[in-house]
Amino acid sequence: MGSTTGRGPRLLAIATAAVLAVGVSACSSGKSADKAGAAGGDSGKSGGSFSYWSMWRKDEPQAKVIQAAIDQFTADTGIKVDVEWTGRDVSKKIGPAMAANKAPDMWDQGADSIYGTAAQNGNAQDLSAVLDMTIPNDNVKVSAAIPSKYWDSLPKDPKGGQHWVIPYEASTAGVFYNAADPDVSAAMSSAPTDWDSFIKVCDALKAKNKPCVASEGEDSWTNGLWFDYLLNANGVNFADLANDKSGATWDNPAVLKAAQQTEQLVKGGYIIPTYTATKYPAQQTNWAGGKAGFLINGSWVTAEVAKQIPSTWKYGFMLPPGATQPDSMTFGFALTKNAKNVSQAEKFMAYFLQKKTLSGISTEAGNITPRTDIPAPAELADVQKTLGADKLRLTFDGVAGDWNTKVWTQNYLDFWHGKTDAAGFVAKMKSAQVSFWKTQS
Amino acid sequence: MSTATFQDPSRTRRVRGGSAARGPVGAAPLERSRRRMFWAFTAPAVIVYAVLFLLPVGYAAWTSLYKWDGISDKQWKGLGNYKTLWQDPIFRTSLGNTLQTLVVGGLITFVISFALMLVLREMNRRLFARSVLFFPCLVNAMVFGIAAGVLFSPDGPVNQALKWLGWSRPPQWLATEHLQTMILGTLVWTATGYYTAILMAAVDQIPDYLYEAAELDGANAFQRFRHVTLPMCWDVISVCAVLWTVSSVKIFELILMYGGSSGSQPPTGSWNTALYVYEEAFPQASTPQLGLATAAALVSLFLVILFTVVLRRIMRRDPVEY
């Protein structure tokens, strides 16, 4: 995954889109999900059924964990689950499916995606009832097992609610490195605490002919994390910046400062050479092979490079120096607008959060869960510690979607590739943003 | 559709001209029964065409007047979506890129195709050569995207070869500034074989004695091409030009393959109108703007129609009889 909306789905997206040719909108795929109460369970158990479209493909470890939980859930409760392993494209399919009244009861995705496609328009149901449910076997309430900060950082739906998702996987983004790399450990004895010391670390690495930072030059999301965190370090909220229709917030000197700090990486020659001319995952592989010191990415990157790193590798993790709050990306379940089997689906949400069930996300899928009593995989121990902060913020402070595509990507890539300087970047962003908001009425 | 009118101009002209205006009713029994059967035979095709093409276009036109996310109720916007397109610098860039692909890509493709026609007509084993040329057209664009990542990487085979040939600093092919070039290059490469195949089929129909006569008159290869080949297959060339117009406007999988990265969409500088439509209709993690998408789709449909009509006008010649 690159953003939470996913790395995998492009093939499927292209296939879907190819059918549409010049782009007249077509309607949903998928089979009818309205089977309310059709399937009777064992007598004595509550029975019923609900339908679920998953963001995971069948062969992914998360899907295996969820499938195992579904089997056990059906055995325990008699409730059948009609699951479809849709893949990341579920966020593109769910809207048309809801329009055609063929949507499933439950689906899952990254919280940013659920918000963008459904919750922000009131198309995701409120799940506050789940927070009051007791998790089977563990006998704790959902609200006690999952820290409320995961919801507090979320944007509000039209009714002002934040409980439109029940997260089961948590992640953050930050700077990963190999603490056992002698070059890195020689350059810094402990993680730098401010930006200037980080640049000094980069200088030390450069002196040894080792690039400081690996970067997939084509990707505005991972590379943009530097700027996002540096804005945070300089006290600017990314969402306030992006949502300002007048663009005046870009004139804030703190914004220019964050841009200049980002520019130090570009102009200082600290980024791995050829970064502008390769395709993912070339540079990530270089980094895993020890050809650069640091890589910024979401915490899923450890699972992605698991097979490439040498056995001597020891993960280090830090936020870009100066940043005060880790960002948070969660993945979780949501209910569609017209879901019919609400109680069955909600029961499953609580059921899946059981410690023994949810642990699979850590032990088998190699990711972090929002439950603090489930230890993260060893390589993500530092990341889980970071996520333990009192307050979380969303990646890019929740800015996603159209603004990213139309204002951010081209301008940031030009900046990251050294074609514009910090001041030029700020000016271009400002003007692109003003024309963007003009087209959004 | 244009091909259908093309193959038998005399008949279409009769139909288009309107039978009522020509000749008194009941002029000839054969003519009369033909006229009676015309609608009976064409109705199925007309119905299919209307249901699969005209209705969706009409629905798109209607949708383009609304703000609609595909789920909630439509909100009336009138011509607001078209105004938005007009003001949107990204749509203007997309339109520019579409035209660039159409004109520049088209010119390159056809110049190469003509050159190949010159060579292929006279060479041995030309059927084999034609198959080889046609092959890229069968390969899915996604394969190019994946292959390009390997072939054109900084240390990939292409740059190794260029270095070996003495180019010490070969270009960074996959860098964003070369996006448009790479897309155009791939498109030309795949399309050339396709159009060469069609054009060669037309060339094969030209009687040899015309070439022999030209040779006797002392015409060189280029003159034979200019005065025999070109006029003799002009009709096919003009069909190819229309096909190119229609197909080049629609490409977007190539842009997604070359420009898209793991976490984000291609930079807006590389978009064409088809990709613009796609991004509005199927955005990542935001609300679809189906009204705007259909408006953009209609603008590009209008563009294709306009281009086709103008092209047909320019390229119209009296058919050569032989």
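I count a salt bridge when a side-chain nitrogen of Lys or Arg is within 4 Å of a carboxyl oxygen of Asp or Glu. Housekeeping: this is a predicted model, where local features need pLDDT of at least 70 and side-chain atom pairs count only at pLDDT 80 or more, while totals for chains, interfaces and linings use all residues. Residues are numbered from 1 along each chain as its sequence is written, chains are lettered from A and ligands numbered from 1 in the order in which they are written, and side-chain values use heavy atoms, with hydrogens and water left out.

**Entry 1: salt bridges**

My search of the whole structure gave 20 salt bridges over all chains.

Asp228(A) sits in helix α10 (residues 220-233) of chain A and Arg393(A) in strand β12 (residues 393-394) of chain A, so the bridge ties together parts 165 residues apart in sequence. My cut-offs are under 20% for buried, over 50% for exposed and partly exposed in between (1.4 Å probe, protein chains only).

Next I checked Asp382(A) and Lys385(A), whose closest N and O atoms are 3.5 Å apart in a salt bridge. Both lie in helix α17 (residues 381-387) of chain A, three residues apart, about one turn of the helix. Asp382(A) is partly exposed at 31%, and Lys385(A) is exposed at 62%.

Then I looked at Asp88(B) and Lys406(A), a salt bridge with closest N and O atoms 3.5 Å apart. This pair crosses between chains, from the loop between α4 (80-87) and α5 (89-122) of chain B to helix α18 (residues 402-416) of chain A.

**Entry 2: helix packing**

How do α12(A) and α18(A) pack? I got an angle of about 55° between helix α12 (residues 253-267) of chain A and α18(A), with axes 9 Å apart. My axes are lines fitted to C-alpha atoms over the stretch in contact, with angles from 0 to 180 degrees between N-to-C directions. The two helices are therefore oblique to each other (under 35 degrees is roughly parallel, over 145 roughly antiparallel, 65 to 115 roughly perpendicular, the rest oblique).

Key:
Helices (H or I, at least four residues) and strands (E, at least two) are DSSP runs, numbered from the N terminus.
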